[in-house]
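Visitor: Before we look, I would like to ask, for each label you use, what makes it apply.
Guide: Then let us take the labels one at a time, each beside its definition.

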Amino acid sequence: MADVAVLPADPASAFKRAQQGKSYWRRVWERLRDDKVTLAVIGVLVMLLVMVVFAPWFTVHDPYTGSVLRRLKPVGTPGHWLGTDEVGRDLWARMVFGGRLSLLAGVVPVFLALLIGGFLGVAAGYAGGLVNSAIMRLTDVLYAFPSILLAIAITGILGSGLQNTILALTISFIPPIIRISESLTTQVRHLDFVEAARASGAGPLTIMRYHILNNVLGPILVYAASLISICIILAAGLSFLGLGVTPPSAEWGLMLNNLRQALWVSPLVAALPGVMIFITSMCFNLMSDGLRQAMDVRL
Amino acid sequence: MSVAKDAALLVGAPRSNARGKLGRSTVDTGTGELVGQTRPLLAVENLTKHFALKGGLLNRTKAVVQAVDGVSFDVQTGETLGIVGESGCGKSTTARLLMHLIPPDIGSIVFDGLVVGAAEGGLSHRDLHRQMQMVFQESYASLNPRLPLAMSIAFGPLVHGLAKPAALKRAMKLLEAVGLDPMLFANRYPHELSGGQRQRINIARALALEPRIVILDEAVSALDKSVEAQVLNLLVDLKAQFDLTYVFISHDLNVVRYISDRVMVMYLGKVVEIGPVDHLYRDPQHPYTQALLSAMPSMDPRRRTLKSPLTGDPPNPISPPSGCRFRTRCPFAEAVCETASPALLAPPGEELRAVACHMRVPGSGHSRAATVVSA
């Protein structure tokens with residue numbers, strides 16, 4: 001859409017046009033630039049991502065080797081500034097490495113669910129009729145279970161482990177994404193500009209590409225971003241219940257579970273993985289709120 | 001309708017100037033047969049659309065809304081046919097049926113001699129869309145909020161295979177034609193425009209496929225009066241510039257009078273009267289048209305409306321009254337109106353017009369029809 005500027009190539013008009021015509025994403029960025037909270041939150045998430053990807057650079061300790069000599073050291077111990085866990089492993093190292101699995105289990109299921117659920121939902125919304133009924137009734141069946149229960153049931157059947165956690169979470173996030181994308185598509189489909197596109201003789205795929213998707217994808221993406229926070233919590237919850245990743249893997253939910261027994265001995269250390277889960281999910285939530293506002297063209 | 005005028009009408013008083021500006025090129029819309037010489041650009045025959053209201057456990061049809069019921073009319077090349085009626089009378093459904101946005105139950109549409117959608121020798125719907133375009137009422141909803149305006153206009157030509165630079169060039173020309181500076185508006189988005197500007201974009205979009213006929217479905221109804229006047233003038237200019245034919249749907253009688261050559265009045269999915277605009281406004285023959293016109297506010301305080309025109313709402317189109325659909329609100333309704341549905345026929349001595357009223361058909365059994373005959 002950016003190549004609208006093909007008309008007369010005289011400099012004066014080009015200048016005028018440059019002032020007037022800003023692309024949609026440029027406007028989004030301009031609005032985002034003024035939203036300090038969202039910018040800060042995105043900054044935190046970027047830092048988190050960098051920390052997790054380059055985890056070995058951020059810690060001198062190995063997250064898997066412990067020592068009975070230094071079990072449950074408190075926060076602020078020299079050499080272990082966040083203390084150590086119940087088997088004497090450095091907590092900061094485990095937090096940094098644990099972020100890898102936690103973020104993976106938080107982002108990948110939402111991404112997969114976005115692909116599958118988004119496709120099915122948009123298809124159902126655009127096709128209407130029987131296709132819609134078929135997809136939506138199946139969705140209702142999955143919807144009948146709360147997502148955590150569904151995830152527990154699936155991992156319970158398939159067994160624990162990262163892959164099964166991701167699979168279970170993907171399945172439990174598909175229904176809400178189908179719901180959202182179906183209702184958004186249905187709304188857009190009945191607007192006059194879609195009728196007008198049909199009146200100009202466009203086929204369903206062309207209409208989908210030019211008129212439906214660009215109105216629907218933004219809100220779906222924002223919704224999916226808000227799901228990441230829930231997904232991180234669910235993944236942590238599964239690990240906490242012993243259905244997610246297994247020890248000795250470092251994962252925030254699992255760490256919370258293991259440190260639970262030490263809550264009275266060293267409360268601050270035991271709470272730290274929970275703090276990380278809280279910060280991360282909070283940031284994803286705030287980011288999706290900020291994006292929603294920035295992407296609303298009507299504001 | 002004053003009593004004096006009513007009486008004059010009933011005894012068939014001579015009406016001067018009965019034949020107005022239009023030449024004799026119209027058809028007898030009652031039978032659909034050509035009376036004049038020229039072939040109509042658009043001939044609609046017995047167009048019918050009933051919407052099934054489904055519901056219940058097994059999704060059975062519970063009721064049928066007779067949105068458009070046996071509508072026939074013609075549009076001559078170069079004229080503007082106004083369609084008026086209360087909301088819910090089937091004006092917009094008619095427009096959507098013409099555009100084939102919804103398929104008709106029965107009825108045929110003949111465009112320039114070619115039957116639309118016919119298997120062979122007809123006009124495909126895709127080709128129809130090149131010839132016939134539509135402007136919608138809601139200027140905002142009818143533009144994609146995520147497309148730059150030039151793309152919205154260029155979309156139709158792109159779909160029909162025009163290369164992108166050529167399509168955008170055409171969009172720029174059309175922006176200029178509808179009075180918007182292409183340099184300022186091409187890359188803007190719909191929410192940055194006023195209602196009048198948006199409706200100009202919609203008009204440009206409708207013209208992008210270089211159609212021969214444009215259906216304007218309440219195209220100016222949502223605009224302020226001053227903007228409405230500007231857009232109406234623009235429509236008149238564009239019509240001359242691009243040799244267009246208009247079907248102008250509105251509930252605003254003044255606007256329809258201003259822009260139309262002929263006017264068709266609809267009531268509950270049926271045509272009650274059709275005729276040249278001068279004749280119809282000066283001497284409405286159907287009681288519904290009379291009521292509509294007397295409901296029109298006068299600009300002259302000395303000629304204020306004293307008699308209350310129609311009262312109540314139109315009946316439910318789910319179960320319209322038997323016989324004449326207007327009989328429940330008609331001051332002249334008699335037994336015959338209940339039993340027989342009046343055909344759309346030319347009243348005696350007026351070939352250009354057609355009225356669906358028993359009072360205008362000699363020997364129909366209506367007591368007032370007899371008066372007309374005897375006179």
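Guide: Chain A holds 11 helices and zero strands, where helices (H or I, at least four residues) and strands (E, at least two) are DSSP runs numbered from the N terminus. Read along the sequence, the pattern of chain A is α-α-α-α-α-α-α-α-α-α-α, and its C-alpha trace spans about 75 × 55 × 25 Å along the principal axes. This is a predicted model, in which local features need pLDDT of at least 70 and side-chain atom pairs count only at pLDDT 80 or more, while totals for chains, interfaces and linings use all residues. Residues are numbered from 1 along each chain as its sequence is written, and chains are lettered from A and ligands numbered from 1 in the order in which they are written.

Visitor: How do you know where confidence in chain A is lowest and where it is highest?
Guide: The guide to this is pLDDT, the predictor's confidence in each residue, from 0 to 100. Chain A averages 82, with 91% of the residues scoring at least 70; confidence is lowest in H1(A), at a mean of 47, and highest in H7(A), at 91. Over residues 1–9 of chain A the pLDDT is below 50, although this stretch has 19 contacts in the model beyond near neighbours in sequence. Where pLDDT is low, the predicted coordinates should not be read in detail.

Visitor: Why is B:Ile274 called buried?
Guide: A residue is buried if 20 or more other C-beta atoms lie within 10 Å of its own, exposed if 12 or fewer, and partly exposed in between, the C-beta atoms being placed from the backbone. B:Ile274, in strand S12 (residues 270–276) of chain B, has 29 C-beta neighbours inside 10 Å and therefore counts as buried.

Visitor: What makes B:Glu210 partly exposed?
Guide: B:Glu210 has 15 C-beta neighbours inside 10 Å, so it counts as partly exposed. B:Glu210 lies in the loop between H7 and S9 of chain B, and its phi is near 50 degrees, a positive value in a residue other than glycine.

Visitor: Why does B:Leu268 count as buried?
Guide: B:Leu268 is buried because 25 other C-beta atoms lie within 10 Å. B:Leu268 sits in the loop between strand S11 (262–267) and S12 of chain B, and has a positive phi of about 50 degrees although it is not a glycine.

Visitor: What makes H8(A) mostly covered?
Guide: Seven of the eight residues of H8(A) are buried, namely A:Asp192, A:Phe193, A:Val194, A:Glu195, A:Ala196, A:Ala197 and A:Ala199. What covers them includes helix H7 (162–189) and H9 of chain A, together with helix H3 (125–131), strand S8 (132–135), helix H4 (149–159) and helix H7 (195–207) of chain B.

Visitor: How many residues of chain A are in contact with chain B?
Guide: Two residues are in contact if their C-beta atoms, placed from the backbone, lie within 7 Å; 28 residues of chain A are in contact with 37 residues of chain B. H8(A) gives the most to the side of chain A that touches chain B, with seven residues. The residues of that side divide into 13 nonpolar, nine polar and six charged, where Ala, Val, Leu, Ile, Met, Phe, Trp, Tyr, Cys and Pro count as nonpolar, Asp, Glu, Lys and Arg as charged, and the others, Gly among them, as polar.

Visitor: How do H4(A) and H9(A) pack, and at what angle?
Guide: Helix H4 (residues 91–127) of chain A and H9(A) pack at an angle of about 145 degrees, with their axes 8 Å apart; axes are lines fitted to C-alpha atoms, for helices over the stretch in contact, and angles run from 0 to 180 degrees between N-to-C directions. The residues of this contact divide into 18 nonpolar, three polar and no charged.

Visitor: What makes S8(B) and S9(B) a pair?
Guide: Two strands pair if DSSP finds at least two bridges between them, and S8(B) and strand S9 (residues 213–217) of chain B pair in the parallel sense over four bridges. In S9(B), B:Ile215 is the bridge partner of B:Met134. B:Met132 and B:Met134 point one way from S8(B) and B:Gln133 and B:Val135 the other way, and all are buried.
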